[in-house]
Amino acid sequence: KDPNSVVYVPVDQFRQMASGQIEQLAANPDQLVGFGETMIREGVIPDVGVKALEKASSLRPDEPRVLAALGAGYRMTGDHEKSKAAFTRCTELLPNDPWGYFNIAQTCNAAGDKEGERAALAKTLELDPNIQAALGIWFDLNNDHGLEKEKQLLEYAEQRGAWMPLLLASSLARKR
């Protein structure tokens, strides 16, 4: 309510202030990860978030949460190779977690690697055939909502014993 109670700083000054907190937070890696995730999520200074997560990764090199956040940060800042490497390490640590593969698919998409995206989506759906976002991409549900897509989803659901494709087919039928 009081405009004098808020201080606005230019982004470069905020970047400098935030960068200075990384070493202070290094004593508590959980706080460092939270700080990095916040910087990336807010999108104002994702490069500082990546630096914080790189520091956290040096302290906890094989922690999936840190690697996943770091992979997302790299993707957001356009470093697709490092993003893919971080997510690949996640899949090595948690080979049965479909979300690591889904994140690889998103990174491949951002890098324009359609073949890599398709392979990562296939692995995602092999591990969990009910991930809605992966199904939407796999069946290209943003572009075509015809009867043929509904049939493809129904066949897939029957083959895999999956329920999400049935919900998606039902939703498409309702729209049609």
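This section describes the aromatic ring pairs and the charges placed over rings in a predicted model. Local features need pLDDT of at least 70 and side-chain atom pairs count only at pLDDT 80 or more, while totals for chains, interfaces and linings use all residues. Residues are numbered from 1 along each chain as its sequence is written, and side-chain values use heavy atoms, with hydrogens and water left out.

Two aromatic pairs are present (rings of Phe, Tyr and Trp, the last by its six-membered ring, with centres within 6.5 Å; planes under 30 degrees apart count as stacked, over 60 as edge-to-face and the rest as tilted). The rings of tryptophan 99 and phenylalanine 102 have centres 5.6 Å apart and planes at 80°, so this pair is edge-to-face. Both residues belong to helix 6 (residues 98-111), three residues apart, about one turn of the helix; helices are DSSP runs of H or I with at least four residues, numbered from the N terminus. Tryptophan 99 is partly exposed at 42% relative accessible area, whereas phenylalanine 102, at 6%, is buried (buried is under 20%, exposed over 50%, partly exposed in between; 1.4 Å probe, protein chains only).

In the other pair, phenylalanine 139 and tyrosine 156 have ring centres 5.4 Å apart and planes at 80°, so the arrangement is edge-to-face. Phenylalanine 139 lies in the loop between helix 8 (132-138) and helix 9 (147-160) and tyrosine 156 in helix 9, so the pair ties together parts 17 residues apart in sequence. Both phenylalanine 139 and tyrosine 156 are buried.

Charges also sit over rings (NZ of Lys or CZ of Arg within 6 Å of the ring centre and within 35 degrees of the ring normal). Arginine 118 lies over the face of tryptophan 138, 3.5 Å from the ring centre, and lysine 123 over that of tyrosine 101, at 5.7 Å.

Definitions and conventions
Helices (H or I, at least four residues) and strands (E, at least two) are DSSP runs, numbered from the N terminus.
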